[in-house]
Amino acid sequence: QQSLETTRMDLKNEIERKETLEDQLVGEQNRCRDLVEENKATDNQLLNLESQLQRYDAKSLSLSKENTELKHNVNMLEQQVDQSKRKEEDALMELEATVKQ
């Protein structure tokens, strides 16, 4: 009889332990599911950031090309200004020479 009572108590303890472990397992499964969802969200954020970076890279390249073109235009204009100044100086010297004669 006492042995039967001990076996019943052992069985009851094992059932409680099993239920506790099952509850822990459910908790761990929920935590894992949450982590998977969090990882998906992080992956989406990463994809968005990569896409944004590609757009910025393209814009940077475009601005760099535009900057190069503008520098070229500025150089051309500076050359034209220098050429005009030389022509103006030559014309003034010719005028002075004509006036002196």
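**Entry 1: charges.** How far apart are the mean positions of the positive and negative charges? I found 15 positive and 23 negative charges, with mean positions 2 Å apart. I also noted that I am working with a predicted model.

**Entry 2: overall form.** I looked up the secondary structure next, and it comes to 1 helix and 0 strands. The radius of gyration is 43 Å, well over the 13 Å that the globule rule gives for 101 residues, so the chain is more spread out than a compact globule. I then boxed the C-alpha atoms along the principal axes and got roughly 145 × 15 × 10 Å. Helix H1 covers residues 2–100.

**Entry 3: a distance along the chain.** I picked glutamine 52 and glutamine 80, which are 28 residues apart along the chain, and found 42 Å between their C-alpha atoms. Glutamine 80 belongs to helix H1. With a relative accessibility of 44%, glutamine 80 counts as partly exposed.

- Glutamate 5 and arginine 8: their side chains meet in a salt bridge, at 3.7 Å from N to O. They sit 3 residues apart in helix H1, so about one helical turn separates them. Glutamate 5 is partly exposed, at 41% relative accessibility.
- Glutamate 28 and arginine 31: the closest N and O atoms of this salt bridge are 3.3 Å apart. Here too I noted a spacing of 3 residues in helix H1, which means about one helical turn. Arginine 31 is partly exposed at 45%, and glutamate 28 is partly exposed at 40%.
- Glutamate 37 and lysine 40: I found a salt bridge with its closest N and O atoms 3.6 Å apart. Both residues lie in helix H1, 3 residues apart, about one turn of the helix. Lysine 40 counts as partly exposed at 46%, and glutamate 37 is partly exposed at 44%.

**Entry 4: surface patches.** Which residues form the negative surface patch I looked up? They are Glu88, Glu89, Asp90 and Glu94. Aspartate 90 is in helix H1. Patch residues need over 30% relative accessible area and no salt bridge; aspartate 90 has a relative accessible area of 44%, so it clears the area cut-off while counting as partly exposed.

I then turned to a nonpolar patch, made by Leu92, Leu95 and Val99, and wrote down about 310 Å² for its area. Leucine 95 is also found in helix H1.

**Entry 5: tying it together.** Among the side-chain contacts I logged are the salt bridges of glutamate 5 with arginine 8, glutamate 28 with arginine 31, and glutamate 37 with lysine 40.

Notes: Residues are numbered from 1 along each chain as its sequence is written. This is a predicted model: local features need pLDDT of at least 70, side-chain atom pairs count only at pLDDT 80 or more; totals for chains, interfaces and linings use all residues. Side-chain values use heavy atoms; hydrogens and water are left out. Patches are made of residues with over 30% relative accessible area and no salt bridge: like charges are joined within 9 Å, nonpolar side chains (Val, Leu, Ile, Met, Phe, Trp, Tyr) within 5 Å. Accessible areas come from the Shrake-Rupley method with a 1.4 Å probe; for residues, only the protein chains shown count as cover. A salt bridge is a side-chain nitrogen of Lys or Arg within 4 Å of a carboxyl oxygen of Asp or Glu. Helices (H or I, at least four residues) and strands (E, at least two) are DSSP runs, numbered from the N terminus. Buried means under 20% relative accessible area, exposed over 50%, partly exposed in between (1.4 Å probe, protein chains only). The radius of gyration is taken over C-alpha atoms; the globule rule is 2.2 Å times the number of residues to the power 0.38. Lys and Arg count as positive and Asp and Glu as negative; His and the chain ends are not counted. The place of a charge is taken as NZ of Lys, CZ of Arg, CG of Asp or CD of Glu.
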